[in-house]
Amino acid sequence: MASNNILYERVARKNTIHRVLDITILFLLLSVLAYRLASLNKHGVAWILAFFCESCFTFVWVITISTKWTQVEYKTYPERLSQRMEEFPAVDMFVTTADPMLEPPLLTANTVISLMAVDYPADKLACYVSDDGCSALTFYTLVEASKFAKIWIPFCKKYNIEARAPFRYFSRDQSTMATGGDSSLEFERECRKMKEGYAELICKINDATHKSIPEDVARDFAVFSNIDRRNHPTIVKVIWENKERLPDGLPHLIYISREKRVKHPHHYKAGAMNVLTRVSGLLTNAPYMLNVDCDNFVNNPQTVRHAMCFFLGSDNDKETGFVQFPQSFYGGLKDDPFGNQYRAWYEYILRGLAGIQGPFYGGTGCFHRRKVIYGLCPDDTRNEAKCLSSVTGNLAEKEQLKIFGCSKEFNKSATEAFQGKTSDPVNLSKMIEEAVQVAGCGYEYGTRWGTEVGWQYGSTTEDIMTGITIQGRGWKTILCTPHPEGFLGCSPSGGPNSMTQQKRWATGLLEVLFSKRSPIIATITARLQFRQCLGYLWILIWGLRSIPELGYALLPAYCIITNSTFLPQVKEPAILIYVALFTLYNTYTLLEYLQLGLSIREWWNNLRMMRIYAMNPWLFGFVSVIFKILGISETVFEVTQKDQSDDGDDSSDGGRFTFNGSHIFLPGTTLVLLQLTALTMRLLGLIPSVSDDDDGRHGSGLCEVLCSLWVVMCFWPFVKGLVGRGKYGIPLSTICKSTLLSFLFVQLCKMTSPA
Ligand SMILES: O=c1ccn([C@@H]2O[C@H](COP(=O)(O)OP(=O)(O)O[C@H]3O[C@H](CO)[C@@H](O)[C@H](O)[C@H]3O)[C@@H](O)[C@H]2O)c(=O)[nH]1
Ligand SMILES: [Mn+2]
């Protein structure tokens, strides 16, 4: 193959200096552990706790280094695709939405329009929307959006507009609206028309939200009347069909609200994805599937082509189980005050994983092969789901029905998918009845959906679980990072929303760790690579990390109150190890941020929010998984509230931390109160005195005070919350409970005091 003909390139990053610093920090951590062990018998309980926490931190550091060690970048050349390909493969695009209140339908509409408008032959695309909210408003919005799309998409293609989600385009500065600097009169006229069209769409949606859906269309909505979203039959509606299969027409648009019955588990997003997979299998059966969350619009019209560079440009199918785009966010607040834009994270951790077996599946912005989702192993040369069952050779029809469920039509489509045949186009409306059947809530009983086929059940982070299943079969995966970014989504802002999301993640990730899909099992019994397993552990143990983090943060307060110590004294040489570790770690991570062009403030915000997340939502995640294991309660997927404003700075909070009455703020509040209590007690001389004795035991000193102050600094948003008002303040009830907890802790300290 001529080198100017390749579709993508893999470039290893040079990171020698990073590696040296990583190892130095590891060396310092090991020295700390050695020092602790050597002096264990001279000290009390604080020393043992500190040793436990530091061992955990060292373990986390080891898996971090392993994950970051071999970073790679990929370059793609989508402009070469058309030279290589006569015909592009088809792609089915999935959007999930769950709640019209938390996820404004206009946002979903924008995502759908941006998908339908990508630069790719329209006869090869189909867009499927799953609505778990079963909302007439969402359906109405999509119907109206498809009407607007008919003028919008030709406009985008004609002027090669980059931002194809209308709200993005119109929220920008007028002068940058035309790409290619087109400022002709014709363009301006058309642009004005678009703006009016979009304004009208917004108007209609607002009217429908606040008043009612207009009567002339209302009869199409009869199915939605008096519907209970937790108990209703399947609704499948073809909103738009590209009947003539025109390459420059509009892709099909199909609305699905799967059947829900109160007694049937619906498995949240994973369940929705499996329904989308089956319905699309019947209707279009594309070999590739793209899935995005309702708030993740396409930001680069070439996105599908970038992904195709990997699927079509690789000589070895094994390399491309799926192609994942990193999650990036629009309108993010300056300096990332909530630590949820993960810019540094993606650069180092995701690129590191890309150098091992490939990035995790992130739940959105990902292209899957249909065959892989159906359970294919990389070296199933016969192209069947062999690893699913003990049958070798041709999968008997009866076997296949057991795996994929009883729809003959669907099984036919699955066979075609395995064989790589392109299915003949079907008349969409003729298939609706069959589609309703496979979207029923009883369809999956006795089948392998959710266990070996499709999206995996049993965790609120179905994405990670599904990714492990795929990589466990031996597939490698790809991280695709074009410029501009392929997709942009919205990240939660405000304290409560961010906390809820982190709690769900910590919960779901631990569920994966303790499930049959644990990466440890996949490494021992299947084909997950060892370092990839460590990479998974890095993320899966978030919930567990809350324990040592909290323990270590409590130590300074405990030591000050009991006048004991968990660190060497200032005059001991061993203190130098700690000083070096603290300084080196912080400067190093700061330099990593600066190297990416991020600010010092962002570094500090991220560092601080990591501590806040670790000790609050992650702790709750840990507890809810324990409850699940003990059978006390089930875990739930709490949908994140999406903001509609494009510009983060618009929002009245402007990055200020907000609170509500949730218990999730209890640990942080208690921790802050405790540190403040300890510092005050010390200032007022209210602590028991110990004289330095020959055993080397001594009272708390400067180190403990500094550590306590550091914890207070990390929890500064909580300190402000103690005195803040309204949503900026911690509710009085939380403060009272925290005061009680702190009081109990102080009593406990006194009881166990070594003095
Ligand atoms: O019962 C449900 C619940 C959720 N969703 C959809 O799932 C998506 C993700 O939900 P969201 O509340 O936005 O969660 P995030 O924390 O933002 O999502 C991240 O984390 C999830 C796993 O926790 C992944 O599924 C997502 O892809 C990933 O972006 C949204 O499109 C929802 O509409 C459903 O379709 N059905
Ligand atoms: Mn989201």
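## Lys269

Lys269 is part of helix α9, residues 268–283 (helices are DSSP runs of H or I with at least four residues, strands are runs of E with at least two, and both are numbered from the N terminus). The model is predicted: local features need pLDDT of at least 70, side-chain atom pairs count only at pLDDT 80 or more, and totals for chains, interfaces and linings use all residues. Residues are numbered from 1 along each chain as its sequence is written, while chains are lettered from A and ligands numbered from 1 in the order in which they are written.

Lys269 is buried, because 23 other C-beta atoms lie within 10 Å (buried means 20 or more, exposed 12 or fewer, partly exposed in between, with C-beta atoms placed from the backbone). Apart from neighbours within four places in sequence, Lys269 is in contact with Thr96, Glu462 and Phe637 (contact means C-beta atoms, placed from the backbone, within 7 Å).

## Asp293

Asp293 belongs to strand β7, residues 288–293. Asp293 is also buried, with 27 C-beta neighbours inside 10 Å. Not counting residues up to four places away in sequence, Asp293 touches Thr96, Gly363, Thr364 and Gly489.

## The UniProt record

An unreviewed UniProt entry lists Lys269 and Asp293 under "binding site". They span 25 residues in sequence, yet no two of their C-alpha atoms are more than 9.7 Å apart, so they gather at one spot. Such annotations may be inferred rather than shown by experiment; feature names are shortened, and positions follow the numbering used here.

## Around ligand 1

Of the 24 residues around ligand 1, Thr96, Ala98, Asp293, Gly363 and Thr640 come nearest (a residue is near if its C-beta atom, placed from the backbone, lies within 6 Å of the molecule). Elements giving two or more residues to this shell are β3 (91–97), α9, α16 (462–472) and α17 (495–513). The largest share, four residues, comes from α17.

Note on methods
Contact = placed C-beta atoms within 7 Å.
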